[in-house]
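Please read the briefing below alongside the sequence and the coordinates.

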Amino acid sequence: TQTRLPDLKVFICGGASVPPSLIYEAAEYFEKARVTRVYGSTEVPVTTVGSLGFDELRYAAETDGSVGIAEVQLFGDCGRQGEVLVRGPQMLVGYIHPEDEAHVFTEDGYYRTGDMGTWIDDRYLSITGRSKDIIIRNGENIAPKELEDLLLEDDVIQEIAIVGLPSERTGEYACAVVVIEQAEKLDVAYLTRILAQRGVAKFKYPERVEVWPSLPKNDAGKVLKHQIRARLVQADSNTGEKQ
């Protein structure tokens, strides 16, 4: 039975990527609740605590909130954006196997998350994707999460994952794997129109689209992009396709 749960006060989302459109939709549906994204990891839980103010809906939807019981640094562009480094009292002591700790911690004790982030209005942390998921095409960096969040606003697209695949010509190219409710035609031109309407730079547009019935995920609901890449590379190898 559908209900708007009138007594619900707070709903916090974490553990997997949450698109802004889902937070906006939930905030409208659960009219009395504050719905927000948060960010953390097994190694450093509760890195951010979301945005719980009634006037912070934009930050709740479009960022991962303000920092909680942790110190956060961004290693990259003057500390404004880059890899997320975290430390705090809730941080792990270490891994069981010492070899797993190689290059994981900085000299001053920060944990290298492997996630990329940016500061919004000097207070709110926005996770922009995994460093290993960044697509480098013709020397230009493409952050898949930015495109995925925008494309998920479209009613036709239920799920999407954009991955980088090898290209002899450009180094990598962007392939969008989508799940749609109906078997209607969805191609590169369809995605291009959506991104163009939202003012996205042309160099970020995907060059290939695959429609799958579902995306591989782990038990926490995270999309397994390494499996998607492997399946696509194997399929291209079998057919002899090259970009």
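In the protein chain, 27 positive side chains are set against 39 negative ones, and the centres of these two sets lie 2 Å apart. The model is a predicted one, and every value that follows is computed from it.

**Overall form and surface**

- The protein chain contains five helices and 11 strands. With a radius of gyration of 19 Å, close to the 18 Å that the globule rule gives for 243 residues, the protein chain is as compact as a globular protein of that length.
- Taken along the principal axes, the box filled by the C-alpha atoms of the protein chain is roughly 50 × 50 × 35 Å.
- Of the 243 residues in the protein chain, 43% are buried, while the protein chain exposes about 13,900 Å², of which carbon and sulfur atoms supply 51%.
- When contacts between residues at least 6 apart in sequence are considered, 55% of them join residues that are at least 24 apart.

**Helix α4**

- Helix α4, which spans residues 188–197, has Y190, L191, I194 and L195 among its residues, and these four are buried. They cover an arc of only 125° around the axis, and therefore lie on the same side of α4.
- The packing partners of the buried residues of α4 are the helix α3 (144–151) together with β9 (157–167), β10 (171–180) and β11 (208–211).
- After α4 comes G199, which has a positive phi, near 75°.

**Position V35**

- V35 belongs to strand β2, residues 34–37, and counts as buried because its relative accessibility is 4%, below the 20% cut-off.
- Residues up to four places away in sequence being set aside, V35 touches F11, C13, I23, A26, A27 and A60.
- V35 and D236 are 201 residues apart along the chain, and their C-alpha atoms are separated by 42 Å.

**Position I127**

- I127 lies in strand β6, which covers residues 124–130, and its relative accessibility of 10% is the reason why I127 counts as buried.
- Apart from neighbours within four places in sequence, the residues in contact with I127 are Y39, D64, V84, D115, M116, G117 and K145.
- Between I127 and R4 there are 29 Å in space, C-alpha to C-alpha, for two residues that stand 123 residues apart in sequence.

Terms used: Residues are numbered from 1 along each chain as its sequence is written. This is a predicted model: local features need pLDDT of at least 70, side-chain atom pairs count only at pLDDT 80 or more; totals for chains, interfaces and linings use all residues. Side-chain values use heavy atoms; hydrogens and water are left out. Helices (H or I, at least four residues) and strands (E, at least two) are DSSP runs, numbered from the N terminus. The radius of gyration is taken over C-alpha atoms; the globule rule is 2.2 Å times the number of residues to the power 0.38. Buried means under 20% relative accessible area, exposed over 50%, partly exposed in between (1.4 Å probe, protein chains only). Contact means heavy atoms within 4.5 Å. Accessible areas come from the Shrake-Rupley method with a 1.4 Å probe; for residues, only the protein chains shown count as cover. Lys and Arg count as positive and Asp and Glu as negative; His and the chain ends are not counted. The place of a charge is taken as NZ of Lys, CZ of Arg, CG of Asp or CD of Glu. The arc is that of the directions from the helix axis to the C-beta atoms.
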